[in-house]
Structures are given as structure tokens and as C-alpha cells.
Amino acid sequence: MLLNRDSSGKRWHLRPDGVGKVTGQLQYLTDMTLPDMIHGRVLRSSHPYARILSIDITGAEAIEGVFAVLTSKDVPGLNLFGIATPDQPVFCEHVVRYVGDAIAAVAADSPERAALALDAIRVEYEEWTPLDSPEAALAPGAPELHEHGPGNVLHRTEIKRGNVDEGFAACEHIVSETYYTPRQMHAYMETEGGLFVPDERGRLHVYAATQHGYKDRMQLARIIGCSEEDIRVVSSPIGGSFGGKDELNVQPYGALLALRSGRPVKMHNSRKESVRAGLKRHPMKIEMQTGISREGMIQAHRVRITADTGAYATLGAPVLNFCTEHCLGPYSIPHVDVEGVSVYTNNGVSGEFRGFGGNQAIFAMEGQMDRLAEIMDMDPWEFRRRNMREKHALGPLNQRILVTDGLSQVWEAMERSELWQKHQHPPADPTLPPWIKRGVGAAIAMHGAGLGYGIPDPAGGRLSLNAEGKIEVAFSYEEFGQGLIATLEMILCDLFQCSTSDLSIIIGDTDRVPHSGSSTASRSTTMAWMALQRLQAPFRSKILSAASALSGIPADELITGIEGVWRKDQLSPEVTANEPTMNSKVLVSYVDLAKHGEAEDWIFDTQFEYPTTPDHVVGGHYLYTYAAVAAEVEVNTLTGEAKLLDTRHVVAAGPVINPMGFIGQIEGGSVMALGFTLTEDALMQDSRYMTTNLDTYLIPTIRDIHTNLEVEAIEDLPEGDPFGPRGIGEIGSVALAPAITAAIHQATGVWVNRLPVPRDQLIKPLGVSLQEGVRSS
């Protein structure tokens with residue numbers, strides 16, 4: 001179905017957090033305060049690579065109003081963190097490896113005194129020459145940044161099948177290209193921060209943004225040297241994350257300062273500090289060589305991926321795994337030779353980011369498809385169809401994947417779209433000046449959901465009737481703008497024919513929720529849906545049995561509804577519309593039911609693993625979402641400016657539960673991809689950020705995104721599919737870049753291989769533009 005802002009056959013649902021967000025009344029975790037709190041700050045390295053000769057904190061300790069000054073000597077447990085590979089020091093002791101490295105932390109009674117204390121700390125360095133690129137880090141004789149990374153290699157990957165040399169020898173045409181992608185910022189509105197509160201029993205309460213509260217709790221317990229149960233992590237609501245808050249950021253410092261001072265400590269990064277210390281998207285160089293037969297069938301594909309992971313690992317290895325898997329695209333290729341390497345440098349840390357390496361891979365692979373189609377003088381969409389994998393074929397890693405028609409469905413929907421027809425039959429517009437060129441391009445993607453085989457990927461949830469008579473659901477997921485709470489409300493209302501006033505939704509609080517895994521990898525909606533499918537039958541049976549015992553009416557004549565249990569004959573035939581008949585009355589209220597039996601009788605839990613490939617292929621995914629994207633672009637060949645005019649997304653992700661959330665995610669992902677494609681790059685020189693604030697880092701504004709964006713949702717799933725709706729948090733971001741660069745090529749004849757698109761490549765002298773205008777007219 002076509003999803004528009006104005007009309008839809010779907011039920012639209014007001015976001016419960018919507019009014020608070022647009023009015024500014026919603027309290028994020030960084031908005032929290034306490035009367036006796038103090039303020040924490042972190043002293044970070046002055047150099048990207050240096051030996052620490054001495055640290056003198058006596059000046060800071062002597063300042064009135066300073067409650068704590070900490071260095072590596074004050075970490076009682078493990079002085080390292082990292083969600084997968086704990087290789088980043090909480091406080092550096094001997095060596096600093098990037099300009100965001102922490103040396104010390106202070107807590108004072110005002111932000112001004114905390115800043116003064118930082119200035120009073122004296123650090124003496126022996127500065128070293130930084131390794132400012134993967135090439136420098138891999139060069140013979142380069143100093144090793146980590147003992148566990150021989151040759152500065154964090155991780156290597158490969159896919160080998162067939163015989164690539166023989167495959168290329170039989171090819172009619174071969175395209176070789178090197179693609180470059182930028183170091184992109186998450187640019188969330190709420191920078192990293194939170195409130196850290198020790199209580200009288202010695203427990204620590206952490207109110208800080210993260211996408212995985214349980215994982216934060218585990219890491220903090222290792223650092224503090226305590227049990228995980230001694231820490232409570234409240235991780236929602238969050239003012240944006242996009243992967244950037246999946247890793248620890250201020251949490252170790254706030255926690256240690258609070259425990260040392262015995263006072264609540266507030267920390268909140270400035271934008272400049274967020275730029276300096278926060279994660280970025282991995283910049284990558286992807287070398288591709290792809291060969292086709294005379295009939296236009298891909299025969300051989302050679303890929304070399306080099307990712308700059310920066311100074312520390314975080315999730316650099318899984319990102320490379322994902323990129324490697326997705327650099328084959330949704331295509332059937334008999335001869336494959338792919339190698340990837342993720343390299344430590346002294347640059348800013350790269351890590352988790354929406355798309356997780358898929359954006360870089362799909363930009364490169366779809367670029368190859370367009371170049372090959374041009375060599376064949378073939379429609380690029382038809383060229384893709386010829387080479388698409390069959391639905392029963394194995395996945396990119398030769399792993400079994402769940403069979404759906406999603407790939408062919410998105411291809412067919414885009415083929416018949418009006419926007420793609422403009423590519424095939426470009427309309428003439430005599431009103432345009434000759435230096436304004438327009439073109440339409442398209443790209444297709446299959447994007448894996450979940451963490452992939454070999455990584456623990458637990459899921460679960462809890463459903464109960466609480467003491468207040470509310471149907472309560474609890475998950476460890478977080479709400480960071482994706483509309484999860486609204487989606488949960490809609491699922492529960494459909495399952496129990498109740499209203500939102502009958503519900504209590506608890507997320508993101510390790511004291512109150514079961515372990516449901518992380519809110520990453522487009523997994524939350526699928527996992528919540530699967531958990532509730534498991535829980536609904538026993539929970540409803542308990543509800544109806546108790547209502548039957550209280551009313552004397554057989555349970556099979558009862559049904560859950562608004563405010564409680566009803567007789568079936570008292571509800572209208574459209575039970576799911578939540579419409580009791582006139583003058584009807586709820587038989588037994590949820591409030592009365594909650595008083596029946598013990599509280600624990602009403603609690604139902606489930607635990608399971610995210611579905612993964614049964615082949616045990618490490619890194620391989622089982623569930624995929626499919627998308628096709630078309631973009632119309634206008635290029636000013638005098639200024640080199642490329643402007644997005646029109647966009648169409650076709651997404652096959654199963655049933656749409658929350659249309660507003662669905663469109664919001666595709667729109668948001670598309671805007672982020674627009675920045676990735678045209679404007680955003682956190683430039684570094686000599687391993688120092690040249691863009692230190694948003695005044696010089698160009699994220700898209702409303703002027704850039706004032707365009708028509710149409711979303712078509714394909715909701716079909718195979719009969720008996722047990723996995724329900726797929727997450728769509730990433731699929732809107734992964735294929736827009738190659739669609740835009742294909743449109744630029746149609747408009748100007750220029751093949752773009754570097755993002756953001758260099759304007760100087762699109763500039764033509766006025767005389768050339770005028771001559772082209774005359775010829776085209």
C-alpha cells in the first residue's frame with residue numbers, strides 16, 4: 001500500500017511522546033536535576049598520539065567547590081571499556097591514542113568551577129607522529145597502537161567462492177572502481193550525558209542515554225568492581241542515537257565521580273566535546289572489480305574493503321562483517337573474492353551507525369551495477385533484474401536465509417513507478433536554464449536485521465496485569481525517537497481489544513524490565529512482536545479464567561476489551577475496533593481482576609534468541625528487509641550544487657503496524673542518507689578534527705529536504721511466517737546515496753565515486769553549459 005501523510009487505509013496513532021517533544025516539555029535524561037547534584041567534566045588529550053610523562057592534579061584539588069578529581073589510579077576495577085572488545089581506557093595512564101582520550105575527570109559544585117578545575121590539571125606529554133590513515137597504520141615499521149592488534153589490524157574478513165581469475169578471464173566487460181565514503185557524525189539533538197546518583201544503600205542509579213542498558217550495566221560493573229545488581233541503568237527516553245550511544249560515553253566518569261563524591265553528578269557534553277569524543281560512521285575505501293558476460297550476467301566480483309576504525313575497536317569488527325556481507329548486493333555471482341580489513345589509526349573512533357556498514361557497501365555495489373549497465377547499453381533497472389538472486393537462493397555468505405518475495409516485489413513496484421518512468425523517458429523542460437540539469441536514478445538493497453550469527457542476540461519480554469489494573473508490558477528496549485512506545489501500544493490494543501488507557505508500558509530500566517537485548521540492528525519491533533505473540537495466549541487465558549470464576553460465565557463466552565472483560569455478545573462484530581454495543585457494561589474490570597490471586601500469578605515472561613541462519617555461518621543474517629529507492633536530482637553545473645527534488649522508497653518489511661512511525665523512520669533515514677551523500681564529512685587533518693561544531697559540519701536543513709518523498713510499503717509475508725513485521729530503522733538510509741549519484745550521472749554524465757559528492761566534479765564552464773543547452777534544445 002502507498003503511505004502518505006494525508007490518507008492511508010491504515011489506522012494512524014498519536015505518538016504518546018509527541019506533544020511533549022514538539023512543545024519541549026518532555027524531560028530527557030540529560031534534563032534531569034537534583035537539588036544537591038554537582039557537575040562532572042572530563043579532561044581529554046591535547047594530542048592524537050603521545051606518551052604521558054606526568055599528570056599533576058594538585059591544582060584542581062585545591063579549588064574550592066571541587067568534590068573529586070580522578071585519574072587512572074582511581075579506577076577500582078577494569079580500566080577499560082568497549083562493547084565488544086574492551087580496549088579503550090577509562091583514563092589513559094601511559095599513552096593517548098586520539099584527541100578524545102580521557103586523562104582525568106572532575107566534579108564541582110558548578111559547571112564553571114568544573115571547567116576551572118580542568119584548566120588547573122597539568123599534563124606533560126611526549127608528542128608522537130600520529131598514524132592519520134589506514135595506509136600509514138599498515139605501512140611497514142608503523143608503531144603498533146595496540147598490543148592485541150598486530151600490524152594495527154583490528155579485524156579481517158573474507159568471502160571466497162568459485163575461481164575469480166577464471167571468472168574474469170571469461171568476462172566480456174569488466175568495471176574497476178574505487179569508492180570512498182565519509183566519516184559521518186550522528187548529529188543527535190541530545191548530546192551525551194546523564195545523571196548519576198548513589199543511594200544510601202551503596203547502589204548507583206544511572207540515568208544516561210544508551211541503546212543497551214544491560215550491556216552498560218555489565219561494563220560499568222567491571223569498571224567499578226561491583227556486582228551488576230548494584231547498578232540500575234535507566235536508558236529512556238533518548239534525544240536521538242542512531243547507534244552513536246550504543247557504546248559507553250560519559251557513563252564511566254559520571255559513575256566514578258558520583259561514587260567518589262557521594263553526590264549526584266550531572267554530565268552533559270557540549271557539542272564540541274561530543275564531536276571530539278563521540279563515535280562516527282566508518283570512513284571506508286572500497287575497491288571493486290566486477291565482470292559480466294556478453295549477455296550481461298555478472299560472472300566475477302573482486303572487492304577490497306579498508307575501514308578506518310580509529311583509535312579503539314568498539315563495534316568496528318561487526319561493522320566490517322556487515323559491510324563484507326552486503327558488498328555483494330542482492331545479486332547472484334558465481335565467482336567471488338572479497339577481503340576486508342578494519343584498521344586502528346589515531347583518528348577519531350568509528351563505530352556503530354545507522355546502516356552499520358551497509359551504506360558504504362551498497363553505495364559501491366550499486367555504483368558498479370549502473371556502470372556495467374551503461375557498458376551494456378541496457379536499462380539499469382532491467383540489468384539488475386537479470387542478475388538478482390532467486391528467492392530460494394542462498395544468502396551472500398552462502399547461508400540459508402528466510403524466503404520471501406520482497407526483492408522481486410520492490411523491483412516490480414519501482415519499475416512501474418512514475419518517478420522511474422522519468423528516467424526512462426526524461427521530460428523536456430524549456431524553462432530551465434542550460435546550466436541546470438536533471439536526472440533520475442535508482443538503487444536496490446537487501447539489508448540484514450539482527451546482529452548476525454555468532455553474536456549473542458537475546459530477546460524476550462514480560463506481560464502482566466499490575467496492581468493498578470493495567471496491562472503492563474516490559475522490555476529492555478529504549479525509545480530514542482523511533483516511535484517504539486506507540487508501536488507497542490498499537491500491538492497491545494490489537495491483541496486485547498483494549499484502549500491505551502488500559503496499558504502501562506515500561507522500557508529501558510534494568511530494575512524493572514527483563515533482558516530483551518539491544519535496541520539496535522532494526523530488531524526491536526520484530527522482537528517485541530514475537531515476544532507478545534508468545535505471551536498473549538497464556539495471559540489471555542489467565543484473564544478469562546479469572547473473569548469466569550468471578551462472574552460465573554464460561555470463559556469461552558468472554559473476551560478482553562476496553563477496561564476489562566466483556567461478554568462476547570455485548571461487543572459489536574468489529575471486536576478489534578474496540579466498540580462496545582450501546583448500553584453495554586464491562587463484566588469484570590481489570591482493576592477487579594488484579595485483586596484476584598497473588599501478584600506473581602499475573603506475570604508472564606518469555607526469553608528466546610533472535611532468529612538466525614541455521615547454517616552457523618558466522619556473521620550471516622537470516623531475516624532481510626528489501627528496498628528500492630529512486631531519486632530525482634537537479635544539478636547546477638555553474639556551482640556544482642546537487643539538489644534532491646523527488647524521492648520514492650519501496651520497502652518490503654512485512655505488516656505496517658504504525659504508519660506514522662513507518663514513514664517517520666523512512667523519512668529520517670532518508671535525510672541522514674542525504675547528508676551522507678551530499679554534505680557531511682567530519683574532516684580530520686593530522687588526526688585532528690577540522691570540523692569541531694555544527695557551524696562547519698553541514699547536516700541537511702529543512703531547505704535541503706523540502707522535497708516530495710513517497711513511501712510504498714509492501715506488507716506481504718509468506719504464509720505461516722512466524723517473525724512478523726521487520727524493523728525499518730535502517731532500510732531508509734542505505735540505498736539513497738547510489739540512487740542520487742546515478743541521477744547525477746544521468747544529468748551530467750559524471751560518475752561519482754566519492755561521498756559527499758565533490759562539487760568541483762560537477763562544475764562546467766558557462767560556455768560548455770550553454771553549448772550543451774543548445775544541443776539539448
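## Before we start

Residues are counted from 1 along each chain as its sequence is written. Because the model is predicted, local features need pLDDT of at least 70 and side-chain atom pairs count only at pLDDT 80 or more, while totals for chains, interfaces and linings use all residues; side-chain values use heavy atoms, with hydrogens and water left out.

Let's begin with an open sheet of five strands, in the order 10-18-17-16-11, with mixed pairing. Strands here are DSSP runs (E, at least two residues), as are helices (H or I, at least four), and both are numbered from the N terminus. Two strands pair if DSSP finds at least two bridges between them. At the edges sit strand 10 (153–161) and strand 11 (173–181), each pairing on one side only. From one strand to the next, the twist averages 5°.

Strand 10 runs antiparallel to strand 18 (residues 335–344), with eight bridges joining the pair. Here Val-153 stands opposite Val-343 in strand 18. Helix 9 (residues 316–326) packs on this sheet and touches strand 10, strand 16 (284–292), strand 17 (298–310) and strand 18, where contact means heavy atoms within 4.5 Å. The direction of helix 9 makes about 20° with that of strand 10; axes are lines fitted to C-alpha atoms, for helices over the stretch in contact, and angles run from 0 to 180 degrees between N-to-C directions.

Another open sheet has three strands in the order 7-3-9, paired antiparallel. Strand 7 (95–96) and strand 9 (122–127) are its edges. Strand 3 (residues 50–56) pairs with strand 7 over two bridges, and Ala-50 faces Val-96 in strand 7.

## A helix tucked inside

Helix 12 (residues 406–415) has seven of its 10 residues buried, so it is largely enclosed by the rest of the structure. Buried means under 20% relative accessible area, exposed over 50%, and partly exposed in between (1.4 Å probe, protein chains only). Among the buried ones are Leu-407, Val-410 and Trp-411. The cover over these buried residues includes helix 11 (380–387), helix 13 (418–424) and strand 19 (436–449).
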